[in-house]
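Reader: I have a structure to go through for class. Can you take me through it?

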Amino acid sequence: MVTEIKALSARIAEAYHHAKPLQIEGGGSKSFLGNPVQSDLCESIDCKGYAGIIDYRKDELMIRVKAGTKLAEVESLLAENGQRLPFEPPQFAGAATIGGVVAAGLSGPARPYLGSVRDYVLGVAFIDGRGIAYEMGGQVMKNVAGYDVSRMLVGSLGEMGLICDVSLKVLPADEVSATYAWLTSSVDAIADFQRLQKEGLPLSGSAWVEGQAFIRLGGSRLTIAHAAGLVAGEKLDEAEGVQFWQDLKNQQLPVFEGEGALWRVSVEPGSDALLDTAQVIEWGGGVRWLKNPAMNPRLASDPHTVTLFRPDQNEIDSPTSTPYQHLSGAVLVLNQNLKRTFDPGAILNPGRLLATVPEY
Amino acid sequence: MTTGADQISLLRSLTELCGDRLITDDARRRVYEADGLTAKKQVPWIVVLPETIAEVQQIMRLCHQAKVPVVARGAGTGLSGGAMPHSEGVLLSLAKFNRILEVDTDNLSARVEPGVTNLAISDAVRHLGLFYAPDPSSQIACTIGGNVAENSGGVHCLKYGLTVHNVKQLKLVSPEGELYEVGSRGFDSPGLDLLALLHGSEGMLGIVVEVTVQLLPIPKNIAVVLAAFNSVNEAAGTVNAIISQGILPAGLEMMDRLAIKAAEAFVNVGYPLDAEGLLICELDGTDAEVQHQIEKLRLILDKNNAIQVRVATDAAERMQLWLGRKAAFPAVGRLAPDYYCMDGTIPRSELAAVLAQITKFSEQHGLDVANVFHAGDGNLHPLILYDANKAGEIERAEAFGADILNLCIEVGGTITGEHGVGVEKIDQMCIQFTPEELELFHGVKSAFDESRILNPGKAVPTLSRCAEFGAMHVHTDGSQQTHVGLNAQKYSDLERF
Ligand SMILES: Cc1cc2nc3c(=O)[nH]c(=O)nc-3n(C[C@H](O)[C@H](O)[C@H](O)COP(=O)(O)OP(=O)(O)OC[C@H]3O[C@@H](n4cnc5c(N)ncnc54)[C@H](O)[C@@H]3O)c2cc1C
């Protein structure tokens with residue numbers, strides 16, 4: 001076993017024996033995400049020192065990376081080799097690490113067309129809440145031996161284990177990408193996104209921001225040249241397009257700025273829910289962002305997945321609502337049972353994803 | 001199952017519930033004795049064919065109460081014994097759940113019952129210009145519920161992903177009879193990603209009673225390119241060359257000499273009989289894109305010494321080229337009384353070396369092997385030919401298979417890419433995983449099925465079974481190791497034979 005992993009295992013095993021909770025830290029770029037962990041009770045543990053590329057097999061479309069490696073480093077290595085992470089994880093304002101990318105499970109603009117973080121995870125090595133180290137999945141494209149624990153770890157916000165390294169499938173980079181924009185209502189924008197998708201256009205992003213629709217096409221020169229003929233709207237110049245999608249995924253557009261809570265509502269793309277209050281719509285209509293809405297979007301009647309993505313800074317000590325909606329019935333029991341299996345002492349990021357406190 | 005009285009009482013309740021959709025007679029129970037892995041047989045205690053979700057819930061409640069094992073079954077095409085019945089258990093067939101409930105052309109999704117066949121979904125939406133991408137070769141027969149349980153793949157998975165990448169939501173019945181949903185029709189769902197965890201769980205965690213799949217627009221243009229080579233080595237090398245040069249084919253399949261010969265004799269589609277290796281590559285996209293890719297591909301094929309290249313763009317001709325590949329299993333099946341299909345996945349770069357080693361194994365075990373497989377994904381399907389009626393041949397076939405699986409693990413791959421562990425590869429699980437990892441799997445099982453009534457004895461071996469098998473996995477502690485490894489202390493007292 002690698003020395004660093006041994007040390008991390010020992011740290012966690014000790015914390016387990018002394019029932020001392022641990023807060024897992026990555027680059028800190030997504031520290032606002034999830035339920036607050038009572039940090040005064042926790043010691044922190046990180047694998048920032050466990051960084052570097054373990055194996056990059058360009059021909060296999062596979063990269064295996066230590067969890068502390070900076071996302072930016074991985075992305076630039078891939079770019080140098082004409083490849084990319086198709087799920088385009090956000091970096092936000094910080095220095096995201098690969099471990100954090102997988103633990104948070106957030107994907108960028110291409111998500112509805114090319115898949116999410118978990119779709120590209122091939123394997124994960126991690127340490128559970130007792131200090132036991134595991135390797136799940138692997139480095140090959142297809143693997144159904146054993147339960148798919150590595151994909152389940154994606155988005156678990158550190159509650160199931162400390163992620164040590166990750167094997168990811170990568171794809172060739174697009175030869176070109178092009179961004180088009182036009183003024184329209186959110187309803188019409190979503191209808192356009194759906195129509196273009198059905199027509200088989202090589203979409204790699206779609207968004208509506210305060211009255212303006214944006215799409216991105218990606219692929220070979222020929223494909224894009226052909227597809228461009230089918231798209232209304234004005235082509236943005238290349239740098240401007242790149243900047244727009246960067247700012248969108250990192251939430252650095254002006255619309256995200258300022259005080260107040262930021263809500264993320266996930267719906268079926270064609271749903272008409274919250275269209276009049278959402279300032280930003282992404283993923284073909286499937287994600288709606290509400291900045292400072294007058295009404296708590298959880299009170300809307302349809303069964304959507306609603307996340308209080310960034311709580312209001314002024315109410316940070318008494319958030320008006322919990323970040324994640326309540327689980328219930330069998331799903332709640334399964335989440336709790338799994339937490340108990342992976343972290344029987346409830347010492348890893350306790351409650352960050354699976355808060356035990358009731359809502360309100 | 002405790003007493004005969006309990007058994008009688010359960011039988012009475014189930015009869016009340018299912019009426020003539022309960023099978024107890026010998027002849028009809030025997031129909032269910034095996035899945036596609038016919039070497040492993042077991043007649044179930046009884047068979048039930050529920051028609052509604054409420055019935056499934058009630059069956060589970062009753063069986064849970066009586067602690068009677070339940071084995072779910074779709075079409076029984078599985079190749080690892082996952083649907084092999086339990087002698088004291090209920091075989092729960094989902095065959096009556098065969099309706100497509102809803103097709104949503106705006107959101108490109110379809111909500112279907114678990115017993116709907118894979119192909120029926122694409123058939124039902126073709127007129128809308130849509131299709132469901134994962135396409136196992138068994139697609140005319142296998143069910144979507146079985147596909148979820150095995151996380152099945154197909155020739156188009158190289159580009160479009162496996163079942164787990166194409167399912168949005170599941171409805172399940174828990175072992176206690178509770179109905180619940182995982183995933184969502186949007187993109188997020190709260191809590192842990194149970195949807196991912198349930199894919200490939202081989203009927204061990206819950207009964208799938210409804211599936212919402214993602215549909216895709218049918219590509220504007222499709223071309224199939226057939227390329228023949230003088231050696232398996234060259235064909236395998238070409239697979240890597242294609243992918244490393246940025247082409248992402250919709251499918252990239254390979255066949256070796258024996259498979260080519262068998263397929264050609266069976267369906268007569270004009271495959272070159274003098275070739276040692278054959279690649280079938282499907283390209284899709286816009287017209288211009290496909291043309292561009294064909295040109296790029298031709299250059300690669302020339303450079304890699306293809307001895308013959310055929311390009312099919314019209315539908316009939318494409319079908320023709322695929323026909324041999326799609327019929328390859330039954331075609332190979334004609335070469336010998338029985339065949340044993342393996343399913344290891346390896347890094348693509350190891351293809352040539354592994355295929356060469358399989359040839360050596362074939363000589364050692366004195367059994368022929370045909371290779372026809374998903375080359376683009378590195379997913380091998382060696383078909384070992386044997387005759388179950390000849391003394392010792394089953395055992396030799398199994399030993400040959402075990403050698404192949406061990407080799408797959410050795411080169412950094414896995415014992416199963418898409419067919420599952422079932423009962424077939426349960427011993428090899430001891431080699432691929434550490435005792436701690438196996439224990440974690442048992443923990444996952446308990447989280448879903450505390451009383452262990454769902455498909456008991458499959459997919460994950462007990463540690464004592466591994467000790468008996470004598471192949472407890474031990475990570476070495478060498479400094480070169482990138483493996484995270486295990487805390488072997490707990491088992492350091494265990495003898496490793
Ligand atoms: C000729 C041939 C070619 C094949 N080609 C491929 C291929 O290309 N790719 C591939 O991946 N596979 C292939 N297979 C294997 C097989 O078809 C797949 O594994 C398929 O998904 C099994 O579906 P089924 O409905 O037959 O399931 P079954 O065999 O009935 O069951 C398989 C497993 O799923 C469980 N199960 C079934 N239904 C449910 C449910 N509703 N809820 C919970 N658990 C359930 C069972 O308990 C069992 O463990 C092939 C098989 C054959 C015979």
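Author: What follows covers a helix, a ligand and a few backbone angles, all in a predicted model.

Reader: Start with the helix. How many residues does α1 of chain A have?

Author: Helix α1 of chain A runs over residues 3–17 and has 15 residues. From its first C-alpha to its last it reaches 21 Å, close to the 21 Å expected at 1.5 Å a residue.

Reader: Which residues in α1(A) are buried?

Author: A:Ile5, A:Leu8, A:Ser9, A:Ile12, A:Ala13 and A:Ala15 are buried. Seen down the axis of α1(A), the buried residues fall within an arc of 160 degrees, so they line one face of the helix.

Reader: Why do residues three or four places apart point the same way?

Author: An α-helix has 3.6 residues a turn, so residues with that spacing point the same way.

Reader: And which exposed residues are on the face turned away from the buried side?

Author: That face of α1(A) carries the exposed residues A:Thr3, A:Glu14 and A:His17.

Reader: What covers the buried residues of α1(A)?

Author: The cover includes five strands of chain A: β1 (22–25), β2 (43–46), β6 (121–127), β7 (133–137) and β8 (162–169).

Reader: What follows α1(A)?

Author: A:Ala19 follows α1(A), and its phi is positive, near 50 degrees.

Reader: Where does A:Glu88 lie, then?

Author: A:Glu88 lies in the chain A loop between β5 (83–84) and α3 (98–104). A:Glu88 is not a glycine, yet it has a positive phi of about 45 degrees.

Reader: Is A:Glu88 buried or exposed?

Author: A:Glu88 counts as buried because its relative accessibility is 16%, and the cut-off for buried is under 20%.

Reader: What about A:Gln251?

Author: A:Gln251 also is not a glycine and has a positive phi, of about 55 degrees. In chain A, A:Gln251 sits in the loop between α9 (238–249) and β14 (262–266). A:Gln251 is buried, with a relative accessible area of 9%.

Reader: Now the ligand. How many residues surround it?

Author: The ligand is surrounded by 34 residues, and the closest are B:Ala72, B:Gly74, B:Thr77, B:Ser138 and B:Thr143. The largest share of the shell, 5 residues, comes from α5(B). β3 (70–73), α5 (144–150) and β10 (207–214) of chain B each supply at least two residues of the shell.

Reader: Which backbone atoms are involved?

Author: A polar backbone atom of B:Gly76 is 2.8 Å from an oxygen atom of the ligand. For B:Gly82, a polar backbone atom is 3.1 Å from a ligand oxygen. A ligand nitrogen lies 3.0 Å from a backbone N or O atom of B:Gly153. The protein covers 94% of the 980 Å² of accessible area that the ligand has on its own.

Technical notes: Residues numbered from 1 in each chain as written. Chains lettered and ligands numbered in written order. Predicted model: local features only at pLDDT ≥ 70, side-chain atom pairs only at ≥ 80, totals over all residues. Heavy atoms only, no water. Helix = DSSP H or I, 4+ residues; strand = E, 2+ residues; numbered from the N terminus. Buried < 20%, exposed > 50% of the residue type's maximum accessible area, 1.4 Å probe, protein only. Expected span 1.5 Å × (residues − 1). Arc of directions from axis to C-beta. Contact = heavy atoms within 4.5 Å. Near = heavy atom within 4 Å. Polar contact = N/O pair within 3.5 Å; in protein donor to acceptor, adjacent residues only side chain to side chain. Areas by Shrake-Rupley, 256 points an atom, 1.4 Å probe, with all protein chains shown as cover.
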